Amino acid sequence: MDLNDQNEWWRHSVCYQVYVRSFADADGDGIGDLPGITSRLPYLRELGVDSLWITPFYTSPQNDHGYDVADYRDVDPLFGTLGDADELLARAHDLGLRVIVDLVPNHTSDRHEWFQAALAAGPGSKERERYVFRDSTDGNPPNNWQSVFGGPAWTRVEAGPGERAQWYLHLFDSTQPDLNWRNPEVGDMFEDVLTFWLDRGVDGFRVDVAHGLFKVEDLRDQLLEEGATPDSVPANSTGSPASSPASSMVERTMRDEPMWDQPEVHDVYRRWHDVLAKYDGDRILVAEAWTQTPESMANFVRGDEMQQAFNFSWLLADWSAEAFAEVITGTFAALEAVGASPTWVLSNHDVVRHPTRYGGGAQGLARARAATLTMLGLPGSSYLYEGEELGLEQVDVAAEHREDPSWFRTGEPGRDGCRVPLPWAGDHPPYGFGPGTGQPWIPQPTDWAPLTVEAQAADPGSTLSFYKRALAARRDQADTGEHIEMLELGTDVLAFRRGPLTVVLNCGSEAVPLPAGEVVVASGPVTDTLPGDTAVWLR
Ligand code: BGC
């Protein structure tokens, strides 16, 4: 890819998500780091992706593994130095890979200097105005909101002598106080943060909890259906789909959400759009916005706001041709209105890995490969999550090794099972993850030897070899156009034509006849029929 290409490269890129703690460990402490990523960039080049998104590596106490930022303008020593970040960017660009970093604007860490100052300054101070502090006279939290990670979204702070006690809002963990975006100081601070990283050469930002930031101004109670208590409302945002994709869009459409998706948030993204536009290289913003409908997602990608938003409806859809077709047509319909192009994603660091979601074992893997190939055939940009190219499944992490804050707040297993460090080589842990000899921060299963990059690279039938073939085919077919025509080939079959390409996915268990054409790439063995749980591209 030509990095000087200003021409909306992101509309068709394949972006690989690096979960920094779990990708590659250079210093041997059992936790991934920036030099580890740099050392593995040639692997990503060879895999055939165009860009990478790196989860937060800034100074952080790691209560939510970096999504609790104490200093937005520095690298946590656990992951390296600013010099290591510069080196990573330079090497990636040398290899033609663009780099997107994570931005966490909804909340800071409670260790951030602003929050520490707010605690010290007391009620009524301008320091407390940077967060959402409220009084409560009856000893209860100021409203009925629940944290995404379980329990009340408010924590009471100790009052100093003669002070009134206050509560602060945290839609996530109590160590992640929400910022007050109605205070202009907050917006100014984030503009500086954007500039800091743009000046260092990042190609864009993945914006965490982009639908948060503003809450309804009077912080009124969430309206609940009769008989429901706030506790019985399923957690709705980014934390929850780990145990179940429970936040199905349908369920959420029914709910009152005074804490999410307020109209004021769009002014923030218009301002950021203008900040990015001053830089060369077509830099981007991509929203992580768990909105209730495709239409409200489309609002984030209007021409003067963000370039992309994650389209979680593909990931939340059941294994069914009908469900996938609905997602595809709904997505195109919503985005057409604003002239944006779609994104597709099947796995990330917050959800159960897709082979496991599709039932696990050989069938889960066959379905996962088929869903991936179908996704890669769609116009738009695709996001891959580290380890999916190895066919990794969700790991059942033993309770004593779980670190997800939602586990501590709810007793539910949480998201650690999709964050197990990658196996690179060898026949025992840490499988080349780092130079150490013991288990990494989350222990790897002892039966992962056949899944290492080294083992799979040598096997043309492996999932890794399949991903390389699929990504190479995608590059070859890059000229196939932005429009698709849905085809009717049977109830269990999803099929569409995109220029000269026909993509067919068989979600059923019986083989179906293949339309005419030469096989470009397939997710599993095909003959003149397409077996169940298999996808193919024909030309
Ligand atoms: C991230 C999660 C994180 C949460 C709070 C989400 O969008 O993807 O991993 O726990 O935001 O920052």
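Predicted model: local features only at pLDDT ≥ 70, side-chain atom pairs only at ≥ 80, totals over all residues.
## Around the ligand

For aspartate 208, a side-chain N or O atom is 2.5 Å from an oxygen atom of the ligand. The side chain of aspartate 350 also has an N or O atom 2.5 Å from a ligand oxygen. With arginine 415, the distance from a side-chain N or O atom to an oxygen of the ligand is 2.9 Å.

## The sheet

Next, the strands. Eight of them (8 strands) form an open sheet with parallel pairing, and the order runs S11-S10-S9-S5-S2-S1-S13-S12. Strand S11 (308-309) and strand S12 (343-345) are the edges, each pairing on one side only.

At the S11 end, S10 and S11 pair in the parallel sense over 2 bridges. Alanine 287 has alanine 309 in S11 as its bridge partner.

## Strand S2 and its neighbours

S2 (residues 51-54) has a neighbour on each side: S5 and S1 flank it in the strand order. Strand S1 (residues 14-18) pairs with S2 in the parallel sense over 4 bridges, and glutamine 17 has tryptophan 53 of S2 as its bridge partner. Strand S5 (residues 98-103) pairs with S2 over 4 bridges, again in the parallel sense; here serine 51 stands opposite arginine 98 of S5.

Side chains in a regular strand alternate between the two faces of the sheet. In S2, both faces are covered: Ser51 and Trp53 are buried on one side, and Leu52 and Ile54 are buried on the other.

## Helix H8

How far apart are the end C-alpha atoms of helix H8 (residues 265-277)? They are 19 Å apart, which agrees with the 18 Å that its 13 residues should span at 1.5 Å a residue. The buried residues of H8 are Val265, His266, Val268, Tyr269, Trp272, His273, Val275 and Leu276. These cover an arc of only 165 degrees around the axis, so they sit on the same side of H8. Asp267 and Ala277 are exposed on the other side of the helix.

In an α-helix, residues three or four places apart point the same way, because there are 3.6 residues a turn. What do the buried residues of H8 pack against? Their partners are the strands S5, S9 (204-207) and S10 (284-287), along with helices H6 (184-200) and H9 (294-299). Those three strands, S5, S9 and S10, belong to the open sheet described above.

Definitions and conventions:
Residues numbered from 1 in each chain as written. Heavy atoms only, no water. Buried < 20%, exposed > 50% of the residue type's maximum accessible area, 1.4 Å probe, protein only. Pairing = 2+ DSSP bridges. Expected span 1.5 Å × (residues − 1). Arc of directions from axis to C-beta. Contact = heavy atoms within 4.5 Å. Polar contact = N/O pair within 3.5 Å; in protein donor to acceptor, adjacent residues only side chain to side chain.
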